[in-house]
Amino acid sequence: MEIAAGCGFPDRGSAADRARFDERVSAFLAQRDELDDGEALRDDVWAFLACVLLPDLAAWRFADRPAERFHGGVRNTFQRLWMRGRILDRGAAAEDRWELLGALTEDALVQITERPSIGNDARLSRALAEGWLRASRQLGRSAMEDAMREAVIRLRLRNQVQLLADLDDRDLEEAVDAFFAQTPSGIEPERRSWTDRLLGRGK
């Protein structure tokens, strides 16, 4: 409730206010000892939070009040934020532990958490998120929605024939960068040297 109040609750506020709420609650829930066991994997726990304990916050966050935001599951108002915090946490020793939560767009976060083959693997999820961050600095955030969707397709196809989770950190990073380097088709000419380098061309 304190986080929500700091983001404009109970007034509707702006989209930026609600995005800030998501970011802060993700980090908060990820660090709660009460959610650090198997109970947090139960959809009914999150349905209880959204329907009984904090329905006013769920209704504020999603003014149109779709049922999926109250039911348990990856689209539940609070469950989705807990998942983000758990899988995108760089660790307590990291200098900018929660950067990924604030840096990625909502579309990018959904692409990660709503696909079980990605979201169920915290290491792969973080690698993809870090790759998104690096690619956005080269391509620009405006190009990242299409780039992310195409990169996810390539990642999922590759993961069918090679278990990406078995790669060491460096190889996984290079593989993810290569998925982004192939997208979008309209990469500006001045960025092609970066693309070629990621794909190993022109050696």
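**Close-up views of a predicted model**

Leu53 sits in helix α3, which spans residues 43-53. The structure shown is a predicted model.

**View A. A nonpolar surface patch that includes Leu53.** Phe48, Val52 and Leu53 make up this patch. Together the three residues expose about 300 Å² of accessible area.

**View B. The cis peptide bond between Phe9 and Pro10.** The omega angle of the bond from Phe9 to Pro10 is near 10°. Most peptide bonds are trans. Pro10 belongs to the loop that connects α1 (2-5) with α2 (15-30).

**View C. Arg65, a residue other than glycine with positive phi.** The phi angle of Arg65 is near 55°. Most residues other than glycine have a negative phi. Arg65 is placed in the loop between α4 (55-61) and α5 (79-87). Arg65 counts as exposed because its relative accessibility is 55%, and the cut-off for exposed is over 50%.

**View D. Leu128 and its contacts in the model.** Leu128 is part of helix α9, residues 122-139. Leu128 has a relative accessible area of 1% and is therefore buried, the limit for buried being under 20%. Leaving aside residues up to four places away in sequence, Leu128 touches Ile112, Ile118, Met148, Val152, Leu155, Val176 and Phe180.

**View E. The C-alpha separation of Leu128 and Ala108.** Leu128 and Ala108 are 20 residues apart along the chain. Their C-alpha atoms are separated by 9.5 Å.

Terms used: Residues numbered from 1 in each chain as written. Predicted model: local features only at pLDDT ≥ 70, side-chain atom pairs only at ≥ 80, totals over all residues. Heavy atoms only, no water. Helix = DSSP H or I, 4+ residues; strand = E, 2+ residues; numbered from the N terminus. Buried < 20%, exposed > 50% of the residue type's maximum accessible area, 1.4 Å probe, protein only. Patch = residues over 30% accessible without salt bridge, like charges linked within 9 Å, V, L, I, M, F, W, Y side chains within 5 Å. Areas by Shrake-Rupley, 256 points an atom, 1.4 Å probe, with all protein chains shown as cover. Salt bridge = Lys/Arg side-chain N within 4 Å of Asp/Glu carboxyl O. Contact = heavy atoms within 4.5 Å.
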